[in-house]
Every structure is written in structure tokens, then in C-alpha cells.
Amino acid sequence: MIEMNINNRKKHIVIIKGGLGNQLFIYYFALYLKNKYPNDLVICETRSYMWLDIKYGAKFKLENLGIKFQKNSLFGSFIMAFYFILINLLPIDFINKILKKHLIINDKNLKMLDDLYPQKKKFIYNGYFQDYKIIDSIYSKNKISFKNYYLSNKYKVLENRIKKDINSVAFCIRNFNMSDNARFNYPIKKFNDLIRLIKKENKDCKFYIFAFKNLNKKEYDFPENSEFITSENGYSDDKAVLKLISKCKIQVITNSSTFYWMAAYISMSNNKDINKNKIYISENYGLKNKLCHPRWITF
């Protein structure tokens with residue numbers, strides 16, 4: 001069989017953007033595309049969003065996680081920066097009418113891909129593509145690994161403590177970049193109901209509370225020996241934190257954080273027995289966002 005000339009292959013360029021959690025979701029979508037179209041060229045655009053993200057100063061963070069990807073060239077990134085500006089200035093339907101051989105894909109018009117695939121040569125993806133079914137279908141082909149990511153002594157000490165705890169609980173609460181949207185806010189009463197349930201079902205459990213900033217302990221029913229693993233307390237290495245959350249026996253993920261979602265998924269992939277690894281997900285992630293994994297317990 002003669003291999004297709006690289007210049008004749010259809011090209012898919014996937015814009016990597018956001019924080020580590022979002023970047024991982026988008027990466028696995030790119031891997032999904034490669035599996036769906038094995039003869040096409042699938043490239044991760046890793047620079048243009050970062051160059052233009054003045055507000056948050058995002059950085060590309062997928063190195064040293066044991067995953068493989070093909071980066072766009074530097075010249076290609078300059079071209080994609082132009083496209084990215086265009087995408088953010090003009091309606092996507094208007095752009096797609098002008099471009100004859102190109103197709104811009106986001107979360108809303110992804111369903112168009114199959115119908116328009118035969119007519120197009122180049123596909124540019126600018127979305128987050130958050131769907132547990134996509135991750136489930138492709139994760140085993142390129143699992144996240146921390147083998148080549150070395151923890152500083154501070155995180156190693158914490159990791160050893162977590163490993164020694166028979167019932168370690170990663171209680172993850174997103175409390176940064178919040179809005180009034182219900183997706184990012186959950187009643188404290190529901191948190192406390194779950195805390196009491198976990199304490200009742202798991203003798204001598206130890207709560208490790210992962211968040212951006214510390215919580216007011218008086219409002220929550222956490223045990224006295226609970227620890228805050230927060231950026232406010234100096235835990236700002238997100239890859240190290242991702243690993244630590246995944247090492248806990250129980251995960252509680254809340255407030256639509258894709259970072260916490262990925263940590264829980266890594267844990268689940270390493271622990272096939274659901275009875276030995278429980279994951280709780282707050283209902284405000286929303287079924288419509290396809291983030292409530294069927295193996296997880298909503299609260």
C-alpha cells in the first residue's frame with residue numbers, strides 16, 4: 001500500500017488553550033481525531049493562544065506527562081495566531097462561508113464535521129470538547145504518566161503522607177475565577193452533607209482540601225486534622241497537585257473544574273475496582289456538558 005503524500009493529506013489543527021485541565025481535554029480530542037481519521041495529519045497548535053492570552057498569561061503545560069503529540073511549526077503558529085484573532089472577531093458561520101477549503105470547528109458546530117469532511121481540506125478546532133465519552137474511547141492509547149515529572153521535596157513529603165493514609169480524601173473545591181453562574185457555585189450545605197457521609201462510611205479518613213485559596217473552616221464540617229493544599233499555602237505546581245489528587249483513595253470534585261475532573265479520571269484509570277476508589281462529582285457540572293461520568297457518584 002502506497003503511503004499518501006503528506007501534501008495531499010487532510011490536516012486537522014487543534015488549538016490548545018486554557019489551563020492544564022482544559023489543555024488535557026483538548027489534547028485527548030486531538031487524539032480522538034487521529035483515531036477517527038488515521039490517514040490525516042493531526043497537529044496541536046501550542047503557541048498562538050498563549051501568545052494572545054494577556055488576561056491570564058496561560059502557558060503550554062502538557063510536557064513531561066508521558067503523552068505524545070505533534071506540535072505545529074513556529075511559522076504555522078504565526079499563521080494560526082491570525083486565524084485565532086479572526087475567529088474571535090467574526091462570527092464563525094460567516095468565516096466558514098468565506099473559506100472554501102477550510103472549516104472552523106468549535107463546541108457548538110462539531111456535529112457539522114462528518115457532513116462537511118469530504119468537501120474540506122483543512123480543519124481548525126477552537127473549542128474545549130469536554131465529553132467523557134471522548135476520553136473513555138481514547139485514554140488507554142496514551143495515558144497520563146508522572147514517571148518523568150519529578151516532585152520537589154515539599155510535594156514528595158505530602159505524597160508519602162497520602163500513601164500512608166488508608167482512607168485519604170481529596171476534597172477539591174474550585175474557588176477562583178468564579179461567576180454567579182450555578183455551574184461554579186454549590187451550596188455549603190451539600191458539601192457538609194457529603195463530608196458527614198464520607199466520615200461515617202470511612203473510619204479514620206483524612207481530608208486533603210485542594211483549592212486555590214483557603215476556605216473558612218468554621219463553615220464546613222471537615223475533621224480537625226484536615227489539610228489545606230492550596231495556592232495560598234504555596235502549593236502552586238499544578239502538575240504535582242494533579243498527581244497528588246489522583247493518589248487519594250477518594251476524590252470529591254466540584255464546581256465544573258476540568259483540572260479536578262482530570263485528576264479524578266487519572267485515579268479511576270489506575271483503580272479499576274470502583275469499590276476501592278470512589279469519586280463524587282457535584283451536580284452543577286451539568287449533564288448537558290457531558291462531564292458526569294456514569295461511574296461517579298453525583299451529590
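**Cores and helix packing in a predicted model**

The largest nonpolar core has 81 residues, and Tyr 28, Phe 210 and Trp 261 have the most contacts inside it. This is a predicted model, in which local features need pLDDT of at least 70 and side-chain atom pairs count only at pLDDT 80 or more, while totals for chains, interfaces and linings use all residues. Residues are numbered from 1 along each chain as its sequence is written, and side-chain values use heavy atoms, with hydrogens and water left out.

Student: What makes a set of residues a nonpolar core?

Tutor: Such a core is a set of buried Ala, Val, Leu, Ile, Met, Phe, Trp, Tyr and Cys residues joined through side-chain atoms within 4.5 Å. Buried means under 20% relative accessible area (1.4 Å probe, protein chains only).

Student: Why is H7 described as roughly parallel to H9?

Tutor: Helix H7 (residues 153-164) and H9 pack at an angle of about 10 degrees, with their axes 10 Å apart. H7 is therefore roughly parallel to H9. Residues in this contact (heavy atoms within 4.5 Å) include Leu 158 and Ile 162 of H7 and Val 241 and Leu 244 of H9.

Notes. Buried means under 20% relative accessible area, exposed over 50%, partly exposed in between (1.4 Å probe, protein chains only). Axes are lines fitted to C-alpha atoms, for helices over the stretch in contact, and angles run from 0 to 180 degrees between N-to-C directions. Helices (H or I, at least four residues) and strands (E, at least two) are DSSP runs, numbered from the N terminus. Angles under 35 degrees count as roughly parallel, over 145 as roughly antiparallel, 65 to 115 as roughly perpendicular and the rest as oblique.
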